[in-house]
Amino acid sequence: MAKKENETRTSIDELNESLSGIEKKVEENKKMIVWVVGAIVAIAVIILGYVYLIQEPNFENAKAEITQADSKLALGQDSIALEAYKAVADSYSNDAANRAGLNAGIILFQQGKYEEAINYINKFDAEGVLVGPASQSLIGDCYVNLEKYDEAVKYFDKAISLAGDNDLYTPLFILKKATVLREQGKFAEEAKALEIIKNKYPNFVTGYRVDVDKLIERANAQAK
């Protein structure tokens, strides 16, 4: 057990150094799986900005309610905004309810209420090359925190599929999937996922200094 924990801590140090360009470095010696969950925070901010600035509700009542929720969120009153978003998501079935479900899910995720977050994110219609895949990745992160790794991989696969060949987000989702596979001890599958990053997304590898060859070598060695 002690040996496995030491290997995990070493892995997080290496991964953090490679991915320092993507997000802030996590505390030293934390488990790799914790870092990967943290990667969604930056994407969540992008999602929130996108839906706040672009998407508009269809119906006036829902529009008025979600505008109030947006105002509360902008003022830092997350708990009040959350209840308003949940009310819109539960009461309507339009564009307002669609993004209200996603906004509620993001706040619930940040509060550590992962099961409830999943329920509300699932009210969001996954669409678009950015928001859609990010929403599915967020569900995957919820399942990681719940230690339901098979479900996490399932949703990371959905995110990968929706993202297509996006040079930034697709390899990031693949890396998150690979990290979960490693946590499950599925080293051969981890190596295959990392090979995809190496072969299809060289700009990601070089741009963020990911030592993918070293990660692949380690995964293959442990697979044997």
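The side chains of E190 and R218 meet in a salt bridge, with 4.0 Å from N to O; a salt bridge here is a side-chain nitrogen of Lys or Arg within 4 Å of a carboxyl oxygen of Asp or Glu. E190 lies in helix α11 (residues 187-200) and R218 in helix α13 (residues 212-223), so this pair ties together parts that are 28 residues apart in sequence. Helices (H or I, at least four residues) and strands (E, at least two) are DSSP runs, numbered from the N terminus. Both E190 and R218 are buried. Buried means under 20% relative accessible area, exposed means over 50%, and partly exposed is in between, using a 1.4 Å probe and protein chains only.

Before going on, a word on the model. It is a predicted one, in which local features need pLDDT of at least 70 and side-chain atom pairs count only at pLDDT 80 or more, while totals for chains, interfaces and linings use all residues. Residues are numbered from 1 along each chain as its sequence is written, and side-chain values use heavy atoms, with hydrogens and water left out.

Let us stay with the charged pairs. Side chains of opposite charge can pair when their charged atoms come close. How many salt bridges does a search of the whole structure find? The search finds 12. One of these joins the side chains of D70 and R99, at 2.6 Å from N to O. This pair links distant parts of the chain, with D70 in helix α4 (residues 60-74) and R99 in helix α6 (residues 95-110), 29 residues apart. D70 is buried, and R99 is buried too.

Another salt bridge brings together the side chains of E115 and K148, at 3.2 Å from N to O. Because E115 lies in helix α7 (residues 114-121) and K148 in the loop between α8 (131-145) and α9 (149-163), the pair ties together parts that are 33 residues apart in sequence. E115 is partly exposed, with a relative accessible area of 40%, and K148 is partly exposed as well, at 37%.

Now step back to the whole fold. The secondary structure of the protein chain comes to 13 helices and zero strands. Of the 224 residues in the protein chain, 47% are buried. Among contacts in the protein chain with a separation of 6 or more, 57% are between residues 24 or more positions apart; contact means heavy atoms within 4.5 Å. The protein chain exposes about 11,100 Å², and carbon and sulfur atoms supply 49% of that area. Accessible areas come from the Shrake-Rupley method with a 1.4 Å probe, and for residues only the protein chains shown count as cover.

Next, a look at one pair of helices. Two packed helices are described by the angle between their axes and the distance between the axes. At what angle do α6 and α8 pack? They pack at about 35 degrees, with their axes 11 Å apart; the axes are lines fitted to C-alpha atoms, for helices over the stretch in contact, and angles run from 0 to 180 degrees between N-to-C directions. The contact is made by L102, I106 and F109 of α6 together with V131, S135, L138, D141, C142 and N145 of α8. These residues divide into six nonpolar, two polar and one charged. Ala, Val, Leu, Ile, Met, Phe, Trp, Tyr, Cys and Pro count as nonpolar, Asp, Glu, Lys and Arg as charged, and the others, Gly among them, as polar.

The C-alpha atoms of N122 and S135, 13 residues apart along the chain, are separated by 8.6 Å. Not counting residues up to four places away in sequence, N122 touches I139 and Y155. At 42% relative accessibility, N122 counts as partly exposed.

S93 sits in the loop between α5 (78-91) and α6 and is exposed, with a relative accessible area of 75%. The C-alpha atoms of S93 and K123, 30 residues apart along the chain, are separated by 9.2 Å.

Finally, turn to the backbone. Most residues other than glycine have a negative phi, and most peptide bonds are trans. E147, in the loop between α8 and α9, has a positive phi near 60 degrees, and at 60% relative accessibility E147 counts as exposed. R209, placed in the loop between α12 (202-207) and α13, has a positive phi of about 50 degrees although it is not a glycine. R209 counts as exposed, at 56% relative accessibility.
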